[in-house]
Amino acid sequence: MSTPAPIALSCGEPSGIAPELAESAWHALGASLPFVYIGAPAHLPGTVPHVVLSSIDEAADAVHDGLPVLPLDIPGPRVPGVPQPAQAAGVIDSIARGVSLVQEGACSALCTLPISKQALAEGAGFAYPGHTEYLAALAGADEVVMMLASDALRVVPVTIHIALADVPAALTPQLLEKRLRITRDALITQFGIPAPRIAIAGLNPHAGEGGRMGREEITLIVPVLDKLRAEGFDLIGPLPADTMFHAKARAGYDAAVCMYHDQALIPIKTLAFDSGVNVTLGLPFVRTSPDHGTAFGISGQGLADPSSTIEALKMAWRMAGGKA
């Protein structure tokens, strides 16, 4: 098997910790896992050497000498902690350029550093709720799914950034079925699990306890699971969420699908707070991201922990066919 092309690393918000993370990741990974930072060389702190590329083809050799940088013209200096409106369009261009490189085959996967959605909206009229929706639009993907993944656990929330009171109405059979189909397909095609086992959490305490604590499991979740089981899906549940994340339980499945945001994210952030990775399923290419934000409060102070970025690059590399 040939070595995959380098990973495209979008620059993220320059005034946050993203430039520091890029340098720290190269320092940790070096030539063992080639990636290319797409952004303004002047925004990098300069704690490690970097090599400005004239062509993406130079990346494989450049990675031995420093952080490979595919330069973008993003105006103005980096001001830690203070987003600059004039830089917002460049941040968006970095994401789009990364997608193009992956679609062209020049890069094998996309890893995105954290952005400030508010800064992009105010500086460039960015109309998307976040990275995921913008990537789906660029790729022409009808439906995408957020997975949080680590060596200990993979989780997918069916509903995401909505109020808890709105979850029951948003949780439909159609939505649950889509999430399960995309999750299973990705586990097979991107994670290399030929017969994935998926655990499904109930919505209510004790998974409804036979209808005594809520009937969504009976009326909504079970019929979807039965339908997909008839197609050959290996599904476990619905399970009480409070008993499905200890070590013995996790050994019985490859991913857990949960009904709402905190039900999925609390266990993975407990198990892998510094090393969890955000993976977008349903795109026609591999996309990962560190599972944290811009951290404006510590930007420029040398305090940023690169663990999640390093894990995001490693996961993208493995998913693209590399060994990490």
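**Salt bridges and their setting**

Modeller: With a relative accessible area of 9%, E20 is buried (buried means under 20% relative accessible area, exposed over 50%, partly exposed in between, with a 1.4 Å probe and protein chains only). This is a predicted model, in which local features need pLDDT of at least 70 and side-chain atom pairs count only at pLDDT 80 or more, while totals for chains, interfaces and linings use all residues. Residues are numbered from 1 along each chain as its sequence is written, and side-chain values use heavy atoms, with hydrogens and water left out.

The partner of E20 is R78, and the closest N and O atoms of this salt bridge are 2.7 Å apart. R78 is likewise buried, at 16% relative accessible area. A salt bridge here is a side-chain nitrogen of Lys or Arg within 4 Å of a carboxyl oxygen of Asp or Glu, and by this rule there are eleven. Helices (H or I, at least four residues) and strands (E, at least two) are DSSP runs, numbered from the N terminus.

E177 and R181 form a salt bridge, 3.0 Å from N to O; both are in helix α7 (residues 173–189), four residues apart, or about one turn. E177 is buried at 18%, whereas R181 is partly exposed at 26%.

In helix α11, E311 and K314 are three residues apart, again about one turn, and their side chains meet in a salt bridge of 4.0 Å, N to O. Both residues count as partly exposed, E311 at 21% and K314 at 26%. Elsewhere, salt bridges that share partners join E177, R181, K227 and E231 into one network.

Helix α5 (residues 131–139) lies across β5 (109–112), β11 (277–281) and β12 (287–290), at about 160° to β12. Helix α11 (residues 307–319) packs on the sheet, touching β1 (7–10), β2 (35–39), β5, β6 (145–149), β11 and β12, and makes about 165° with β12 in direction. Contact means heavy atoms within 4.5 Å; axes are lines fitted to C-alpha atoms, for helices over the stretch in contact, with angles from 0 to 180 degrees between N-to-C directions.
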